[in-house]
Amino acid sequence: MFQSVEEVQQRFREARYIASRRVATVVYLAARMGRPVLIEGPAGVGKTELAKTLSDVTGRRLIRLQCYEGLDEGKALYEWKYAKQLLYTQLLRERIGELIADAPSLPEAVGKIAGQEDAFFSFRFLSPRPLLQAILADEPVVLLVDEIDKAEPEFEAFLLEVLSDFQVSVPELGTVRAKHIPLVVLTSNNARELSDGLKRRCLHLFIDFPPPADELAIIRLKVPEVPAELAKAVVNAVQKIRAMDLRKLPSVSESLDWARSLVILNAQELDPAIVESTLSMLVKHEKDLERVRGALDKVLAE
Amino acid sequence: MDRRILEFIGDLRRAEIRVSPSEALDALAASAEVGLGDRDTFRTALASTLVKESRDLATFDRLFNLYFLDLQALGEGVKKALGPEDPRVRELLDRMLAEEGLELDDLTELLLRGQGSEMEMAIRASGQGAGLERLMYFLQVGFFSRRLADRFDWSAVEADLERILRLLEERGLDPGQLARIRNYLELRLEAFKRMIRQHVERELERRAWRQGEKLMREALSDKPLFALTADEIAQMKNVVARLARKIKDALALRQRQEHRGRIDTRRTTRKSLQYDGVPMEIHLRRRHREKPKLITICDVSDSVRNASRFMLQLVWSLQECFSRVRSYAFVSEIAEVTQAFNTYPVERAIEWALKGAPIDYHCRSDFGYAFSRFARTELDALDRKTTILVLGDARNNYNDPQAWALRLIRERVKGIIWLNPEGQWGWGIGDSVMPMYAPACDYVRECRTVAQLGEVVDTLVHRWWRKGR
């Protein structure tokens, strides 16, 4: 898939994602070793985006499983379409009658119906959810398990089982084994500690806020309309704000939003008035906002 | 190389980073994939397979730098230490050695021509069997450096050097140049010996890293709080933070046991419609464990300030384990300090509560007055879900204890837990009125050390609010 770390970096860049050497190395290793990647880091630094870009770059379909509290196997793996099965049984009542018409005794009638069971427990009546989709897929895919920390620990244990041998057993159908090992990306915002087993299984990647140079590159790449000088000023201000003691630090996605809104407002430079009125794009807590406003001259200083 | 990586993993484990055998295998596979060409790539390969907690990354980086030396940078460093190399001297030496076809010892060869990185490799190789694993204290550095140096055959080197100089003399070199060459050789010899010592020092640092910290942590946890020095208080903050994380992690695991409960008829019926009214899937009404409301009342007078500090830190780091936390501070006048915690980060809020709250910090403790004021102003805000955590030594300076106030408060709340930073033997002696307050409390615990504090809060988070449900 990739021949070298440089190639990963190169191709991600072409897909408009600036991957640091570290990120590229882990992606390269994951592809070579067939291991899932667990990405941790603050919200909005491009964890989910990494998986999307990976699917773009490799030309593989992206299958996404968004985790939330209460997610269970039924919603993640597969569900029988009971209603459809019932409906078919109703519709086929006559055929079933014919089938057992010549059965001399009850046990034999049951036996005959049992002989047809496969018709009802087949893939026709199975609705595959993301995990099974990833396993059944005919061509290799990228599986994104987003915000795994939101799901319960049991689900994590179950996921671990699926991820360690990429096979699933559906009692009525037998074991389904993956045709291709999918590239798996898990993301976590660290709402709770993940189990050791899962961590052990995965390659671990911590993505932090990017260094100023990278952030500038990201802004220039994603918001090409923004003038070079303004982009630099934005990065400078964001760095200063991140150094402050805030509840929620502005992330890359927020600095991109900010840059975009500055472009819409046709700003040429960061003057206090325009910063004041657009600051809420960057800082989302009322208390934080007050503090940043109070230190605005420091933030805007070169 | 594999052996080096495994040794490095041993170092990580000594530094309390958990590495399982399967992760070790992954690390070997990953390093084989990326090779050693690029140091940063190699570092990432090891980090992503071995370190699964972002908080361990700093330790990893530090150990990595100690263990996998940046040989390129090192070579540069040695070059700098040796001073600008005299190209003429080198050339002369080279030419002469080629002409005469001298058979030199390997070590001499290394000294004459070697780069810093090659020297480092030679030293490391000779250190393999030198028993460096017994290196534990700084005082041993000299001993081990000598021991390592002794493993090289210096007599051969000296003989070689003598031979070279004699040869040069015979060829009629002028004394000035001869001195320069002698100087050059001696410098290199000295640099090499210095490198041996540095190697041993680094080895010591590698081994001792974090070991000391761990010992200190254990010692600190059991040290009486009033006896802490300013330095120790700073270190203790990390200890308490670690404790908070431990309690929180344990809680996350325990919450999974909450999945039992009564049948939820509404959802079960709704789901059964899909199956012709047959309740195929049973939905259970999830029991919501109620998180306790917590009110902490801290004595912030000098004698127990440290205990209050750490209790506040622990409780506020565990905020999400409680549905609401409120804190009060008193010496004699009592004031709510919750707003500071809502505005500032925990550490700053604690400093404010201990020094800046609107109360007089310099008067004598008066528990009775504080409780009566609290009962008068806050009684209506209390309910049966609230647990009160009092921290104080109950040394009332012979004031009226006003135990009725505490009893009144007790009637309104779920329970009162009293933490006393003074040893149990002192309760009731002198001006201690602990025995008078104790009947109104559900628990009274001695809380002289952070370890004891941790136990109490752990009980509070995990067991206390199950009671009486």
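This is a predicted model: local features need pLDDT of at least 70, side-chain atom pairs count only at pLDDT 80 or more; totals for chains, interfaces and linings use all residues.
**Where two chains meet, and how each is built**

The contact between the chains draws 26 residues from chain B and 25 residues from chain A; two residues are in contact if their C-beta atoms, placed from the backbone, lie within 7 Å. On the side of chain B that touches chain A, helices α2 (21–34), α3 (39–50) and α13 (230–254) of chain B each supply at least two residues. Helices (H or I, at least four residues) and strands (E, at least two) are DSSP runs, numbered from the N terminus. That side of chain B divides into 10 nonpolar, nine polar and seven charged residues. Here Ala, Val, Leu, Ile, Met, Phe, Trp, Tyr, Cys and Pro count as nonpolar, Asp, Glu, Lys and Arg as charged, and the others, Gly among them, as polar.

Residues are numbered from 1 along each chain as its sequence is written, and chains are lettered from A and ligands numbered from 1 in the order in which they are written.

Chain A contains an open sheet of five strands, in the order β2-β5-β8-β1-β9, with parallel pairing. Strands of a sheet pair through backbone hydrogen bonds, either parallel or antiparallel. Two strands count as paired if DSSP finds at least two bridges between them. At the edges stand β2 (61–66) and β9 (203–206) of chain A, each with a single partner strand, so one side of each has no neighbour in the sheet. From one strand to the next, the twist averages 20 degrees. Within this sheet, β5 (residues 141–146) of chain A runs parallel to β8 (residues 183–188) of chain A, joined by four bridges; L144(A) stands opposite V185(A) in β8(A).

The helices of chain A can be followed in pairs. Helix α1 (residues 5–14) of chain A packs against helix α2 (residues 21–33) of chain A at an angle of about 110 degrees, with the axes 8 Å apart. Axes are lines fitted to C-alpha atoms, for helices over the stretch in contact, and angles run from 0 to 180 degrees between N-to-C directions. This makes α1(A) roughly perpendicular to α2(A); angles under 35 degrees count as roughly parallel, over 145 as roughly antiparallel, 65 to 115 as roughly perpendicular and the rest as oblique. Their contact involves V5(A), V8(A), Q9(A) and F12(A) of α1(A), together with R21(A), A24(A), T25(A), V27(A) and Y28(A) of α2(A). By class, these residues are six nonpolar, two polar and one charged.

Further along chain A, helix α13 (residues 228–243) packs with helix α14 (residues 252–264) at about 140 degrees, their axes 11 Å apart, which makes the two oblique. Here L230(A), A231(A), V234(A) and V238(A) in α13(A) meet S255(A), W258(A), A259(A) and L262(A) in α14(A). This contact has seven nonpolar, one polar and no charged residues.

In chain B, E203(B) lies in helix α11 (residues 175–208). E203(B) is buried, with 21 other C-beta atoms within 10 Å (buried means 20 or more other C-beta atoms within 10 Å of its own, exposed 12 or fewer, and partly exposed in between, with C-beta atoms placed from the backbone). Not counting residues up to four places away in sequence, E203(B) touches L132(B) and L135(B).
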